[in-house]
Amino acid sequence: MNSSGYPGQPQTWYPGRSPLPGAFPGPDGAASGRPRLARVHDMIPLARFGETLATGLRDVTRDPAALDSAGWWAVVADYEGGLLCARFDQVRPAPLPPPVRPWPGPPRDGWTSSLDRDAYTAGVRRIREHIAAGEVYQANLCRVLSAPLDPAADIEALAARLARGNPAPYAGTVRLPGHGVEIATASPELYLRRRGSTVDSGPIKGTGRTEADLLPKDHAENVMIVDLVRNDLGRVCAPGTVTVPELCVVEKHPGLVHLVSTVRGELAPGAGWAGLLAGTFPPGSVTGAPKSSALRIIDSLETAPRGPYCGGIGWVDADRRTGELAVGIRTFWIERPGPGKAVLRFGTGAGITWGSDPAREWQETELKAARLLAVASRSAAPAGRGARTTAR
């Protein structure tokens, strides 16, 4: 049994992957390669999704089976394999208030990228070589942006700025300083929604400034990932229940548009959150197809751990058998590598297919990042404009 009273989980909670550097620390601060985060004593643990606020942290576990036990849980699934489930006792409606502390964002020109333009476009060309060799149909290539941050920064203050400057359907905040988790997401993408035995996923593939920018390549990319998500849900859903109610619907978001599809299924008898996560994680839209090949290629090309970016972030109400996890895109997180030190990180990426143009894919990552970095930085440029995110 672990400290939360749930059976201990295996080291890897979903098949085919093991925790890599970047996995979240546990309560004792241990993690694979990431320093323990400094405690921020005056920031109480909380989780906020939409207009629901959770406080009164009861316990924390890394066991996904806890999500089918009892209570209301905040969930953060790290792309590299870390899982944190935090149960709160006090859950109530509460609109996001003005921040108690101002947000001391980094300077707009203070961001660096794990892959610069040359390295990223070279990665796109390498993925196209893998596609030509028949190893993969699509792979998602990402880069992580980083900037030094005032250690007094409070992630909830950034969440308040995001709510005003970039509202999103799956916006959320999870602040657990004692467990190394300080996240604000403005995600537009549904990873998993559960209502009883019904499960929905809403993969996004295809991005442009306007609908006119969307190309046949974007539609093909979306259909490929829909097929992957259908296969993933089919692992845990009853045979014949997985359907696609919506395919390639255009959704408008601040500064850009996306193609979004909906995949739906009915869980097989006895299936719960542990099986659902094991069968579908990492999300298909941020990996590629076939998923196992895409993961191998991604690991060979990316130079920084994604952390909560491209993972799953959301909530589960075990008592009501409901829950909603977003894909952790358009997401900021704070790392505290030591006393008096803090770094703000943000991820951006694009899905690469045979039809990809390296320069266009780089520009897509810039488009996805520009508005959010403007909101999070000091002396913010007008939304949708701003400095480049090339590594210096």
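In this predicted model, the charged end of Arg 128 sits over the ring of Trp 354. The distance from that charged end to the ring centre is 4.0 Å. Arg 306 lies over the face of Tyr 79, and 4.3 Å separates it from the ring centre.

A search of the whole structure gives 6 aromatic pairs. One of them joins Trp 72 and Phe 88. A pair of aromatic rings is described by two values, the distance of the centres and the angle of the planes. For Trp 72 and Phe 88, the centres are 6.4 Å apart and the planes stand at 70°. The pair counts as edge-to-face because the angle between its planes, 70°, is over the cut-off of 60 degrees.

The two partners come from separate strands. Trp 72 belongs to strand β3, residues 72-77, and Phe 88 to strand β4, residues 83-93. The pair therefore ties together parts that lie 16 residues apart in sequence. Are these two residues buried or exposed? Trp 72 has 9% relative accessibility, so it counts as buried. Phe 88 has 3% relative accessibility, so Phe 88 is buried as well. The limit for buried is under 20%. Trp 72 and Phe 88 also belong to one aromatic cluster with Trp 315.

The largest cavity holds about 180 Å³ of space. Its lining is made up of 20 residues. Closest to the centre are Lys 205, Ile 329, Arg 330, Gly 349 and Lys 368. Three elements each supply at least two lining residues: β11 (204-208), β18 (341-352) and α6 (358-376). Which of them gives the largest share? That is β18, with 5 residues. By class, the lining of the largest cavity has 6 nonpolar, 8 polar and 6 charged residues.

The second largest cavity contains about 100 Å³ of space. Its lining consists of 14 residues. Tyr 191, Ser 201, Val 229, Pro 283 and Gly 284 lie nearest the centre of this second cavity. Strand β9 (190-195) and helix α3 (216-234) each contribute at least two residues to the lining. The lining of the second largest cavity divides into 8 nonpolar, 4 polar and 2 charged residues.

Methods: Residues are numbered from 1 along each chain as its sequence is written. This is a predicted model: local features need pLDDT of at least 70, side-chain atom pairs count only at pLDDT 80 or more; totals for chains, interfaces and linings use all residues. Side-chain values use heavy atoms; hydrogens and water are left out. Rings of Phe, Tyr and Trp (its six-membered ring) pair if their centres lie within 6.5 Å; planes under 30 degrees apart count as stacked, over 60 as edge-to-face and the rest as tilted. Helices (H or I, at least four residues) and strands (E, at least two) are DSSP runs, numbered from the N terminus. Buried means under 20% relative accessible area, exposed over 50%, partly exposed in between (1.4 Å probe, protein chains only). A charge sits over a ring if NZ of Lys or CZ of Arg is within 6 Å of the ring centre and within 35 degrees of the ring normal. On a 1 Å grid over the protein atoms alone, a cavity is a set of points where a 1.4 Å probe fits but cannot get out, and a pocket is an open set with protein on both sides within 12 Å along at least five of seven lines; lining residues have an atom within 4 Å of a point. Grid points are joined across faces, edges and corners, and a volume is the space filled by probe spheres set on the points. Ala, Val, Leu, Ile, Met, Phe, Trp, Tyr, Cys and Pro count as nonpolar, Asp, Glu, Lys and Arg as charged, and the others, Gly among them, as polar.
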